[in-house]
Every structure is written in C-alpha cells, then in structure tokens.
Amino acid sequence: MASEKKFVFESLQDAETIRTFLQSLVDGFESGTINLSTNGDEIELHPEGLLNFTVKAKRKESGNKINIKIGWKDSDGDESPTVKTLNINT
C-alpha cells in the first residue's frame with residue numbers, strides 16, 4: 001500500500017506571480033516532473049499518461065473563483081481519452 005503525502009500552499013498573490021506559478025506547472029508537465037516546495041515541505045510528482053482535467057469557475061458579487069484540478073493514476077494508462085473541448089479566451 002502506497003503512503004499518502006499531501007502538499008498545501010495558500011497565499012495572496014498578484015496576477016503576474018500566479019502566471020509565473022502556472023508557467024512553472026506547464027514546464028513541469030513538459031519535462032514530466034513537478035516539484036512543489038515551501039517552508040521545508042516538498043512533494044515531487046510525475047504526470048504521465050492520460051490525466052483527468054477539471055475546470056470550475058464561479059462569479060459572485062462577493063468574489064470570483066477558478067478551480068483547476070488535474071489528476072492521474074500511477075498505473076498502466078489503459079483508459080481511453082474523453083473527447084471534449086474547452087475554450088479559454090482572453
């Protein structure tokens with residue numbers, strides 16, 4: 001049985017810093033290794049095969065939110081991709 005390791009980072013940042021974090025994630029997906037660390041806490045992930053991708057957005061008077069969730073299993077990757085389209089316009 002594999003042990004569970006969690007990593008959590010939450011902070012208030014400007015849009016440029018968030019863009020830099022997101023670009024680092026893109027770079028990690030390209031290289032196959034994503035290293036996250038803060039204050040002595042660290043996790044290394046190796047995304048490969050088919051990944052589950054979820055985007056949720058909410059706009060309310062009190063604030064806005066975008067949740068991006070990416071998940072995968074460290075397994076044989078026998079699943080077939082789901083053909084759906086996401087458009088992100090800027």
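**Questions on a predicted model**

Author: To begin with one residue of this predicted model, Phe-29 has a relative accessible area of 31%, and is therefore partly exposed.

Reader: In which element does Phe-29 lie, and how far is its C-alpha atom from that of Leu-45?

Author: Phe-29 has its place in helix H1. Along the chain, Leu-45 is 16 residues apart from Phe-29, and the separation of the two C-alpha atoms is 9.7 Å.

Reader: How many helices and strands does the protein have, and what pattern do they follow along the sequence?

Author: The protein contains 1 helix and 4 strands. Read along the sequence, these elements give the pattern α-β-β-β-β.

Reader: What percentage of the residues counts as buried?

Author: A residue is called buried when its relative accessible area is under 20%. Applied to the 90 residues of the protein, the share that counts as buried is 4%.

Reader: How many aromatic pairs does a search of the whole structure find, and what is the geometry of the rings of Phe-9 and Phe-21?

Author: The search of the whole structure finds 1 aromatic pair. The ring centres of Phe-9 and Phe-21 are 6.3 Å apart, and with planes at 85°, where over 60 degrees is the requirement for this class, the pair is edge-to-face.

Reader: Which parts of the chain does the pair of Phe-9 and Phe-21 tie together, and how many residues apart are they in sequence?

Author: Phe-9 belongs to the segment before helix H1 (15-31), whereas Phe-21 is in helix H1 itself. The pair therefore ties together parts whose distance in sequence is 12 residues.

Reader: Are Phe-9 and Phe-21 buried, partly exposed or exposed?

Author: Phe-9 has a relative accessible area of 45%, while the value for Phe-21 is 39%. Since the class in question lies between the limits of 20% and 50%, Phe-9 is partly exposed, and Phe-21 also counts as partly exposed.

Reader: How many salt bridges does a search of the whole structure find, and what is the N to O distance between Glu-16 and Arg-19?

Author: Side chains of opposite charge can pair when their charged atoms come close. The search of the whole structure finds 2 salt bridges. One of them joins the side chains of Glu-16 and Arg-19, with an N to O distance of 3.0 Å.

Reader: Where do Glu-16 and Arg-19 lie, and what are the relative accessibilities of Glu-16 and Arg-19?

Author: Both Glu-16 and Arg-19 lie in helix H1, where a spacing of 3 residues places them about one turn of the helix apart. Each is partly exposed, Glu-16 at 47% and Arg-19 at 46%.

Reader: What separates the closest N and O atoms of Lys-6 and Glu-4, and are Lys-6 and Glu-4 buried or exposed?

Author: Lys-6 forms a salt bridge with Glu-4, and the closest N and O atoms are 3.8 Å apart. Lys-6 has a relative accessibility of 63% and so counts as exposed; Glu-4, with a relative accessible area of 66%, is likewise exposed.

Reader: Which residues form the positive surface patch, and which element gives the largest share of the patch?

Author: The positive surface patch is formed by Lys-56, Lys-58, Lys-60, Lys-65 and Lys-69. Two elements give two or more residues to the patch, namely strand S3 (52-60) and strand S4 (63-71). The largest share, 3 residues, comes from S3.

Reader: In which strand does Lys-69 lie, and is Lys-69 buried or exposed?

Author: Lys-69 lies in strand S4. Its relative accessibility is 57%, and because the limit for this class is over 50%, Lys-69 counts as exposed.

Reader: Where does Asn-39 lie, and what is its phi angle near?

Author: Asn-39 lies in the loop between strand S1 (34-38) and strand S2 (41-45), and with a relative accessible area of 80%, Asn-39 is exposed. Its phi is a positive value in a residue other than glycine, near 45°.

Reader: Which strand holds Gly-71, and how far apart are the C-alpha atoms of Gly-71 and Thr-54?

Author: Gly-71 is found in strand S4, and its relative accessible area of 27% makes Gly-71 partly exposed. Thr-54 is 17 residues apart from Gly-71 along the chain, and their C-alpha atoms are separated by 8.8 Å.

Key. Residues numbered from 1 in each chain as written. Predicted model: local features only at pLDDT ≥ 70, side-chain atom pairs only at ≥ 80, totals over all residues. Heavy atoms only, no water. Patch = residues over 30% accessible without salt bridge, like charges linked within 9 Å, V, L, I, M, F, W, Y side chains within 5 Å. Areas by Shrake-Rupley, 256 points an atom, 1.4 Å probe, with all protein chains shown as cover. Salt bridge = Lys/Arg side-chain N within 4 Å of Asp/Glu carboxyl O. Lys, Arg positive; Asp, Glu negative; His and termini not counted. Charge placed at Lys NZ, Arg CZ, Asp CG, Glu CD. Buried < 20%, exposed > 50% of the residue type's maximum accessible area, 1.4 Å probe, protein only. Phe/Tyr/Trp six-rings, centres within 6.5 Å; stacked < 30°, edge-to-face > 60°.
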